[in-house]
Amino acid sequence: MKTTSNKPAGGAPGSSKGGKRLKSVLFYGIVIVIILAIFAALKGNGNLKEISFSELIKEVNEGKVTKIVESGSNLTIYKKSDEGKEKAVETSRIPSGSSASEQGLDLKKVKYVSTAPDNTEDMIWNVASILIPLVAIGILFIWMMRSAGAQNNQSLGFGRSKAKLYGKDKKQTKFSEVAGNEEAKQDLEEVVDFLKNPKKFAEVGAKIPKGVLLVGPPGTGKTMLARAVAGEADVPFFSISGSEFVEMFVGVGASRVRDLFEKAKKNAPCIVFIDEIDAVGRRRGSGMGGGHDEREQTLNQILVEMDGFEDKQTVIVLAATNRADVLDPALLRPGRFDRRVTITLPERRERLAILKVHFEKKPVEADVNLDALAAKTAGSSGADLANIANEAAIRAARGNRKTINNEDLTQAFEKVSIGPERKNKVMNEHDRELTAYHEGGHALVAQVLPDSDDVHKVTIIPRGATGGVTWTIPPEDRPYTSIVEFKDILARALGGRIAEEVVYGRDKITTGAGSDLRNATAVARDMIIEQGMGSKLRDQVFHEDEGGMIMDRITHEKPYSDKTAEEIDREINELIEEAANRARIVINENRHYLDKIKDALIKEETLDGDQVAEIFKGAKLPDSAKLY
């Protein structure tokens, strides 16, 4: 059970491998054919039946044999076939040290032809006895050499850059294809102008910027904007992730950095894009590894290479991160990443533009309202909106429909935001009632408190990992959050637990409020530590970098004393207790409304915002629950 609020919180390698594989297959195929041919030659007349000399004498005496051809001690026996033609069918051998007549064969009863002995078979056998071992040894030698060569190539290429090159042969991205982020695009248009007309800036003594840092939350389109810069400037685009520089072997990352920048200089003017640069660009001096730390060596090499660019060299490094606060100061100084472009979550009009892009090639019904969807998706990134569009198309396809309707949009939005429905999960009547009271408590507190977000939907159908959901959405995009709004968020989060306490008693509360309590504690802690909204610790921030490496946190002291830590804990506890008390006052004052929404939820299972507003019509905020 939880409350959900929409708040911002180089060439084709495959072709070369295929060619090598084809050559190997042809080579081994030729070897196999040669060996088979040798064995076929050795086999000789292996299809003729061999009989003893005594059997031959018997057949001659019976008149079955028409001709015998002698070749040394070997005899080939001919008989007439059913068609009356003479055909070799058997072989025999004259006992050594004698002739056919001496062994009792009557030469008058058969046509007997004597020919010179054929030593071809013996010669082939002698040659094969030498050739076959040599071929086998040769194949083994070639296989060993190829294996050694592959290992050498792998070791030699270990320090080479893994950056992917997107040149003019690839489909290029333009600014027109990137919806939203108009301010960011304006900042990046200057970079495009640098790449297109470097002489214009050089004539007035202006230096081309070496590095541009794209900063923004995940999914806001940083990589797409970088590709759009390359597309607009019509220059090659090298793309690599920060994590691809670092390996377990010291020095590999620095080697790959050198190789990347050498390639970039050869392809200038061009763009080098390093995604998630915080993987190698974190602040140095953690105390671990010293100067031999692989991550620090890689960062040092990046700094050296960026300093090494010539003034007239049009190579611009774009980097993306969502953790600019952890980057090393040397990376951000003028002359390196001296330009920062902030990419924010899209506002309503930008969300509408993004949705139009994603639905442009999807068949939608005429009454589909993308503007309403844009209004409900406050705090969603471009990636979230793309996911909603894709889920809507999937739902339409599963329903065997050719077009997407408004119901598809609604269900896709809810699935992405709060998880899929789990209607097959069976709850007994008591659990259904408890869930209805719990979600009703969230909804009642949210509806009554003046600075809370509007209730969008309440359901007791399990969704995702929760047993039910109370979903609130702000009426408009808010760039800031006040103290009273934070306190209403806390009270709303605790409304479910307090409703269980009021209805069933303090000793019968359940684990259904687990996620609510975690969220409330996180909000209260953020208010005190990050926003300076405490009562005694007002206007003070005690920021902690919780995203660093474990040893970074061990070797760095907290930015406040133990006494201050105790005061922070006390302030957080006071905020939680105040929120629980406000929720308790609201629910006790409007107790009969809680029963009404419980009955409606058990009957309908899901209520939308208008139905909730109708049920709570007349619910009031007691004076003791007011903050001002």
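Visitor: Which hand does the crossing of H14 and H15 have?
Guide: The crossing of H14 and H15 is right-handed, meaning the near helix is turned clockwise from the far one by less than a right angle. This is a predicted model, where local features need pLDDT of at least 70, side-chain atom pairs count only at pLDDT 80 or more, and totals for chains, interfaces and linings use all residues. Residues are numbered from 1 along each chain as its sequence is written, and side-chain values use heavy atoms, leaving out hydrogens and water.

Visitor: At what angle do H14 and H15 pack?
Guide: About 135 degrees, with the axes of helix H14 (residues 429-448) and helix H15 (residues 483-504) 7 Å apart. That makes H14 oblique to H15, as angles under 35 degrees count as roughly parallel, over 145 as roughly antiparallel, 65 to 115 as roughly perpendicular and the rest as oblique.

Visitor: Which residues in H14 meet H15?
Guide: Among them are His430, Tyr437 and Val445 in H14, while the H15 side includes Ala491, Arg497 and Tyr504. Contact here is heavy atoms within 4.5 Å.

Visitor: New topic. Is Thr321 buried or exposed?
Guide: Thr321 counts as buried because its relative accessibility is 0%. Buried means under 20% relative accessible area, exposed over 50%, and partly exposed in between, using a 1.4 Å probe and protein chains only.

Visitor: Where is Thr321 found?
Guide: Thr321 is in strand E11, which covers residues 315-321.

Visitor: And how much of the whole chain is buried?
Guide: 41% of its 628 residues.

How values were computed
Helix = DSSP H or I, 4+ residues; strand = E, 2+ residues; numbered from the N terminus. Axes fitted to C-alpha atoms, helices over the stretch in contact; angles between N-to-C directions.
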